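Visitor: I've got a model open on my screen and I'd like someone to walk me through it. Can we take it piece by piece?

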Amino acid sequence: MIDMLVRNADWLITMDPERRMVRDGAMAVDGGEIKAVGTTADIEAAGYREAARTIDGRGRLITPGFIDNHQHLAPFFVRGLGDDVPLKVFLHDRCYPMEAGVTDEEAYLAAMCALLESVRHGTTTLCDPGSQNPENSALAVDEVGCRAVLSRSLTDMAGGRVMPGTFDSTTDEAIASGLDFVESHAGAAGGRVRPWFSLRTERMVSDRLCVAVREMAAEHGTGIVSHMISNRDSVEHHQRVFDGERPIARYERNGVLGPNVQLVHCHFLTEEECDLLAERDVKVSMCPTASAVFGWGGLQRATHLKLLERGVTVGVGTDIGACSHTTDILRIAQYFRVYRDIFEDASLMPAETILEHLTIDGARSVLWDDQIGSLEAGKRADFLLFDLDRPEWVPLHNPLSNLGHGVSGDSIDTVVIDGNVIVEAGEFVNLDARAIMARGREAATAAAERTGLAHFATPRWPVV
Ligand SMILES: [Zn+2]
């Protein structure tokens, strides 16, 4: 008898190469792997009639689990302490002190709280671009039961600023700590954690570190993630520090750009740089709410659309919980519709593209599409059941319309990852979420006080 049978789903959105949408959908799952996908009649005809657990799909719509291509777990407790300031102030006065200042326990709880929100809203895999505390994030990912690409944040050029903690490391220290994390976390959490190398941000990494990371990633068969020219300042800063050279040119000169590289933001690329990323098959992660919150002008530049025209694989990310204020990746992806307003064109970013970003393209962007990103036989069983018996699904003429433009992750009833039911009826099955949130609130307050950030929490309106 197999482990799991899902039957009679009103809709099953496969995201397979033909983008089949199955009515009366069903799936057979065993050992965490999808054995068959089709109509309930197809699955029965294939001999899958009984399972240890059967999920009734009536009144449900099934999609693959969502992939959040960019979320920082460790500084999650800075949410609410960094509103209404430009990126430079946010990073240096709020985010970096929090990220470097949390204890191991606080970093673990920050990751747990971020994951509670993310997974509850449909994220089954996320890519954390690196922190000072990735070991704690790995513990949280293991405990929650999701998947993640994790890395140690590597920097060796503080750029003339005094930087907290290990942000201010030497090149040799950065190389050793990055390698140590990758070697110690290969195959972690039963393979649900994949360690990568992180060049934290283009203007804080030397040529020597770039070359070393390229070589280590090749040797270990991992990806490389790097923030890349999120705003105008970051380009100018890079050119000041590196003799006028632009960051993409420097990464290219150091042989970094390749199919195992994911660059985040990329709003200030030139046309030629867009061509080069396409040629090198570099993946890109776009975080629309980060640009909107910090006022980068990234959405009005719409480099995203230029990359899509060139066939570049693009995924969508939350960035920090303090930028987006939500980790509901479906809501964040729907934000791309702002392009329609900017360019006076109602055809931009249709629901289908939004869903591709969240699933199969997101999976390609984290180099995991051989196992996740679509519901097909042979892939791992990561999927979501949306509850159609909610007002946001009425009327239901075309489910892609509701899903791509209207509903939020609140609509998700059940989350299955690697064949395990993680969330059911909107609640975590094997975790005491309320107890974790209570510990998280206390830890966030303690961390804000110790890192000197607590006064930023004062509301502008009188508290009586
Ligand atoms: Zn980021």
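Predicted model: local features only at pLDDT ≥ 70, side-chain atom pairs only at ≥ 80, totals over all residues.

Visitor: In what sense do β1 and β2 pair, and over how many bridges?
Guide: β1 covers residues 2-13 and β2 covers residues 21-30. Methionine 4 stands opposite valine 29 in β2. The pairing of β1 with β2 is antiparallel, and the number of bridges is seven.

Visitor: Which residue is the bridge partner of alanine 28 in β3?
Guide: β3 is the strand of residues 33-39, and β2 pairs with β3 in the antiparallel sense over six bridges. In β3, the partner that alanine 28 bridges to is alanine 36.

Visitor: And in the hairpin of β2 and β3, which residue takes a positive phi?
Guide: Two residues sit between the strands of that hairpin. The one with a positive phi, near 60°, is glycine 31.

Visitor: On to the open sheet: which strands stand at the edges?
Guide: The sheet has eight strands with parallel pairing, in the order β6-β8-β9-β10-β11-β12-β13-β14. Each edge strand has a single partner, so one side of each is left without a neighbour in the sheet. Those edge strands are β6 and β14.

Visitor: What does the twist average from one strand to the next?
Guide: We're still on the open sheet, with its eight strands. Going from one strand to the next, the twist averages 30°.

Visitor: Inside that sheet, which residue does isoleucine 224 bridge to in β12?
Guide: β11 (residues 224-228) and β12 (residues 261-265) are joined by five bridges in the parallel sense. For isoleucine 224, the bridge partner in β12 is valine 261.

Visitor: What angle does the direction of α6 make with that of β10?
Guide: α6 is the helix of residues 207-220, and it packs on the sheet. The strands it touches are β9, β10 and β11. With the direction of β10, the direction of α6 makes about 165°.

Visitor: Is valine 312 buried or exposed?
Guide: You'll find valine 312 in the loop between α12 and β14. Not counting residues up to four places away in sequence, it touches Leu277, Ala278, Val284 and Leu307. A residue needs 20 or more C-beta neighbours within 10 Å to count as buried. Valine 312 has 24 inside 10 Å, so it counts as buried.

Visitor: How far apart in space are valine 312 and arginine 280?
Guide: In sequence, valine 312 and arginine 280 are 32 residues apart. In space, C-alpha to C-alpha, the distance is 9.4 Å.

Visitor: How are α16 and α18 oriented to each other?
Guide: α16 is residues 351-358 and α18 is residues 399-406, and their axes come within 8 Å and cross at roughly 65°. That makes α16 roughly perpendicular to α18.

Visitor: How many residues of that contact are nonpolar?
Guide: From α16 come Ala351, Glu352, Ile354 and Leu355, which meet Leu400, Ser401, Leu403, Gly404 and His405 in α18. Of the residues in this contact, three are polar and one is charged, while the nonpolar ones number five.

Visitor: Which elements do the buried residues of α16 pack against?
Guide: The buried residues of α16 are Ile354, Leu355, Glu356, His357 and Leu358. They pack against β6, β14, α14, α17 and α18.

Visitor: What about β16: how many of its residues are buried?
Guide: β16 (residues 383-387) runs antiparallel to β5, with five bridges joining them, and isoleucine 62 stands opposite leucine 385 in β16. Four bridges join β16 to β17, again antiparallel, and phenylalanine 383 has valine 416 in β17 as its bridge partner. β16 is mostly covered, and of its five residues the number buried is four.

Visitor: Last one: are α3 and α19 perpendicular or oblique to each other?
Guide: α3 (residues 104-120) and α19 (residues 433-450) pack with their axes 9 Å apart, at an angle of about 130°. The crossing is left-handed, and the residues in contact include Leu109 and Met112 in α3 and Ile436 and Met437 in α19. As for the orientation of α3 and α19, it is therefore oblique.

Note on methods:
Residues numbered from 1 in each chain as written. Axes fitted to C-alpha atoms, helices over the stretch in contact; angles between N-to-C directions. Parallel < 35°, antiparallel > 145°, perpendicular 65-115°, else oblique. Contact = placed C-beta atoms within 7 Å. Nonpolar A, V, L, I, M, F, W, Y, C, P; charged D, E, K, R; others polar. Pairing = 2+ DSSP bridges. Buried ≥ 20, exposed ≤ 12 C-beta atoms within 10 Å, placed from the backbone. Left-handed = near helix turned anticlockwise from the far one by under 90°.
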